[in-house]
Amino acid sequence: MSKNKPRIIRYELPGAWDLLVGATDAGNDYLSMTLAEPDDWWFHADGVPGSHVILRAKADEEPSKETLRQAAAVAAYHSKSLGAGAAKVHCTRARHVTKPRGVKTGTVHVSEGKALKVYPSIDGAARVTKAQQD
């Protein structure tokens, strides 16, 4: 499969929370700039290459701290933090993620948010599909 095609991996977290993971730079770009809605939650491991991860917002429910931590752990798992012990993962609403002009595919700017310290893991995350997006 071409590295230029966006690839998205989908997980479901307990409570029927939908989690989308960019599997390539193009997937990260497509996920963060096209698929993500402003109220979705966005995650990325701090200071290392890795996947952009989107936790889909629900109109009638806020995610628990545990759900946010699970999403952050998946982001750490899909990064160079895997195998490095505890990792710091940025967490913010997708509306705070922008793409500066002229930067390489998958590069973004985050204007606000917080960091969660988690261990890289996909425990509790049920992989639903590895879908190619057009």
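Predicted model: local features only at pLDDT ≥ 70, side-chain atom pairs only at ≥ 80, totals over all residues.
Which residues of α2 are buried? I found Thr67, Leu68, Gln70, Ala71, Ala72, Ala73, Val74, Ala75 and Ala76 in that group. Next I looked at the length of the helix.

Then I turned to charged pairs. Side chains of opposite charge can pair when their charged atoms come close. How many salt bridges does the count come to? I get eight, and I took notes on some of them.

My first entry is Lys88 with Asp46, whose side chains meet in a salt bridge at 3.5 Å, N to O. Lys88 sits in strand β5 (residues 87-93) and Asp46 in the loop between β3 (41-45) and β4 (53-55), so this pair ties together parts that are 42 residues apart in sequence. I have Lys88 as partly exposed, at 43% relative accessible area, and Asp46 is partly exposed too, at 32%.

My next entry is Glu62 with Arg93, where the closest N and O atoms are 2.9 Å apart in a salt bridge. This pair also links distant parts of the chain: Glu62 is in the loop between β4 and α2 (65-77), Arg93 is in strand β5, and 31 residues separate them. Arg93, at 16%, is buried, since buried means under 20%.

I also noted Lys58 with Glu61, a salt bridge at 3.6 Å, N to O. Lys58 is partly exposed at 24%, and Glu61 is partly exposed at 37%.

Last, I opened up the largest pocket, which has a volume of about 490 Å³. Which elements give two or more residues to its lining? They are β2 and α1 (25-35). The largest share, three residues, comes from α1. I count 23 lining residues, and Thr24, Asp25, Asn28, Pro49 and Gly50 lie nearest the centre. Sorted by class, the lining has six nonpolar, 13 polar and four charged residues.

Notes. Residues numbered from 1 in each chain as written. Heavy atoms only, no water. Salt bridge = Lys/Arg side-chain N within 4 Å of Asp/Glu carboxyl O. Helix = DSSP H or I, 4+ residues; strand = E, 2+ residues; numbered from the N terminus. Buried < 20%, exposed > 50% of the residue type's maximum accessible area, 1.4 Å probe, protein only. 1 Å grid on protein atoms, 1.4 Å probe; cavity = no way out; pocket = protein on both sides within 12 Å on 5 of 7 lines; lining within 4 Å. Points joined across faces, edges and corners; volume = space filled by probe spheres on them. Nonpolar A, V, L, I, M, F, W, Y, C, P; charged D, E, K, R; others polar.
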